[in-house]
Amino acid sequence: MGTFNIGVVGATGAVGEVFLSILEQRRFPVSSIRLFASERSAGRRLKVAGDEYVVEAVGDALPNL
């Protein structure tokens with residue numbers, strides 16, 4: 001299996017947090033990850049598998065996805 005580019009919408013919510021936890025637990029092969037949430041959560045930093053990521057506002061990113 002190769003590696004994957006992952007985008008998680010709602011990363012700071014309950015489901016997003018569980019999803020990210022499962023990715024870590026199962027050592028899912030991720031080559032890059034982007035975290036999205038509401039404008040209110042944008043800029044927040046989350047650690048995933050030991051790396052820190054900045055949460056992006058989903059509204060700002062949608063036109064570019």
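Student: How many residues are there between β3 and β4 in the hairpin?

Tutor: There are two residues between β3 and β4 in that hairpin, and please keep in mind throughout that we are looking at a predicted model.

Student: Which way do the two strands run, and how many bridges join them?

Tutor: Strand β3, covering residues 45-48, and strand β4, covering residues 51-54, run antiparallel and are joined by four bridges. Within that pairing, Lys47 is the residue that stands opposite Glu52 in β4.

Student: Is Ala49 buried or exposed?

Tutor: Ala49, which lies in the loop between β3 and β4, counts as exposed because its relative accessibility is 56%, and the cut-off for exposed is over 50%.

Student: Which other residue has a positive phi without being a glycine?

Tutor: Arg27 has a phi near 50°, again a positive value in a residue other than glycine. You can find Arg27 in the loop between α1, residues 14-25, and β2, residues 30-37, and with 74% relative accessibility Arg27 counts as exposed.

Student: Changing topic, what is the strand order in the open sheet?

Tutor: The open sheet has three strands in the order β1-β2-β5, with parallel pairing. The edges are taken by β1, residues 4-9, and β5, residues 56-57, and each has a single partner strand, so one side of each is left without a neighbour in the sheet.

Student: How many bridges join β1 to β2, and what is the bridge partner of Gly7?

Tutor: Six bridges join β1 to β2, and these two strands run parallel. The bridge partner of Gly7 is Arg34, which belongs to β2.

Student: Where does α1 pack?

Tutor: Helix α1 packs on the sheet, where the helix touches β1 and β2, and its direction makes about 160° with that of β1.

Student: How many salt bridges does a search of the whole structure find?

Tutor: The search finds two salt bridges. In one of them Glu56 pairs with Arg34, and the closest N and O atoms are 2.8 Å apart. This pair links distant parts of the chain, with Glu56 in strand β5 and Arg34 in strand β2, 22 residues apart.

Student: What are the relative accessible areas of Glu56 and Arg34?

Tutor: Glu56 has a relative accessible area of 28% and is therefore partly exposed, while Arg34, at 36% relative accessibility, also counts as partly exposed.

Student: Which side chains meet in the salt bridge at 3.6 Å?

Tutor: Those are the side chains of Arg45 and Glu52, with 3.6 Å from N to O. Arg45 is exposed, with a relative accessible area of 54%, whereas Glu52 counts as partly exposed at 46% relative accessibility. Glu52 is also the residue in β4 that stands opposite Lys47.

Student: One last topic: which residues make the nonpolar surface patch?

Tutor: Phe4, Phe28 and Val30 make a nonpolar surface patch of about 220 Å². Of these, Phe28 has its place in the loop between α1 and β2, which is also where Arg27 is found.

Student: What is the relative accessible area of Phe28?

Tutor: Phe28 has a relative accessible area of 34%, so this residue is described as partly exposed.

How values were computed:
Residues numbered from 1 in each chain as written. Predicted model: local features only at pLDDT ≥ 70, side-chain atom pairs only at ≥ 80, totals over all residues. Heavy atoms only, no water. Pairing = 2+ DSSP bridges. Buried < 20%, exposed > 50% of the residue type's maximum accessible area, 1.4 Å probe, protein only. Contact = heavy atoms within 4.5 Å. Axes fitted to C-alpha atoms, helices over the stretch in contact; angles between N-to-C directions. Salt bridge = Lys/Arg side-chain N within 4 Å of Asp/Glu carboxyl O. Patch = residues over 30% accessible without salt bridge, like charges linked within 9 Å, V, L, I, M, F, W, Y side chains within 5 Å. Areas by Shrake-Rupley, 256 points an atom, 1.4 Å probe, with all protein chains shown as cover.
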